[in-house]
Structures are given as C-alpha cells and as structure tokens.
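I opened the model to look up a few local features. My entries follow, in the order I made them.

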Amino acid sequence: MSYKYHSILQMRSSSKRLKRKVLLPICGIPLGLLVAKRCLNNFSNLIVATSKDDTDEEIYNVIKRSNIQVYRGSLKNVLSRFVEIIKKNQIN
C-alpha cells in the first residue's frame, strides 16, 4: 500500500522580531524557498500557505515561480488557511 503524504508550510513576511525572514537569502536562495524544496524531498504534496496581504506578495511570487503550490488566505487567521487548503484539496 502506498501513502500520499501532504505538507502545508506556513510563511509570512510580517514577523515582529525579524521581518521578511523567509525571504532572507541562504547561499543565494530565499530561506522559505530552501525549506519548501527540502520538504518536497519528504512529502508527496506540498502547499505553501501565505496571506493575501501585500506584505506577502513577494513570498507568493518566489514560490509560484518555483512551480510549488501556493495558497493565499487571511493574514490574521492562520488556522483558516490550513482548513481551507485541507477542504479545497480533499486532504484526509
């Protein structure tokens, strides 16, 4: 029996302590993209969850250009992003 493993990776730019940390380059690659690519090594399906807020536009563009699924939802309600992704993709 084969299993399909799903992962939802939450990213946002508006951190209070270190803003835009997911976009900071590590060896020339944005940190968030580096983490996402590593997750793809271990999961059948990966979706990056970010917000619709303008502050997360660059995250959306970086992830989308890398052909990784990305979902945009509420900035204030992270749980709703996860719930909407699970429903939309029929993840059990």
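I noted how the values were made. This is a predicted model, in which local features need pLDDT of at least 70 and side-chain atom pairs count only at pLDDT 80 or more, while totals for chains, interfaces and linings use all residues. Residues are numbered from 1 along each chain as its sequence is written, and side-chain values use heavy atoms, with hydrogens and water left out.

**Helix H2**

I listed the buried residues of H2 (residues 57–65): Ile59, Val62 and Ile63. Buried means under 20% relative accessible area, exposed over 50%, and partly exposed in between (1.4 Å probe, protein chains only). Helices (H or I, at least four residues) and strands (E, at least two) are DSSP runs, numbered from the N terminus. Seen down the axis of H2, its buried residues fall within an arc of 95°, so they line one face of the helix. The arc is that of the directions from the helix axis to the C-beta atoms.

**Helix H3**

I did likewise for H3, where Ser80, Arg81 and Ile85 are buried. These residues fall within an arc of 135° seen down the axis of H3, so they line one face of the helix. The face turned away from the buried side carries the exposed residues Leu79 and Lys87.

**Arg81**

I then asked which residues touch Arg81, leaving aside its neighbours within four places in sequence. Arg81 is in contact (heavy atoms within 4.5 Å) with several residues, including Gln10, Ala49, Tyr71 and Leu75. I found that Arg81 has a relative accessible area of 0%. A polar contact of 2.9 Å joins its side chain to that of Gln10. A polar contact is a pair of N or O atoms within 3.5 Å; within protein, one must be able to donate a hydrogen and the other to accept it, and residues adjacent in sequence count only if both atoms are side-chain atoms. The backbone oxygen of Leu75 lies 3.4 Å from a polar atom of the Arg81 side chain.
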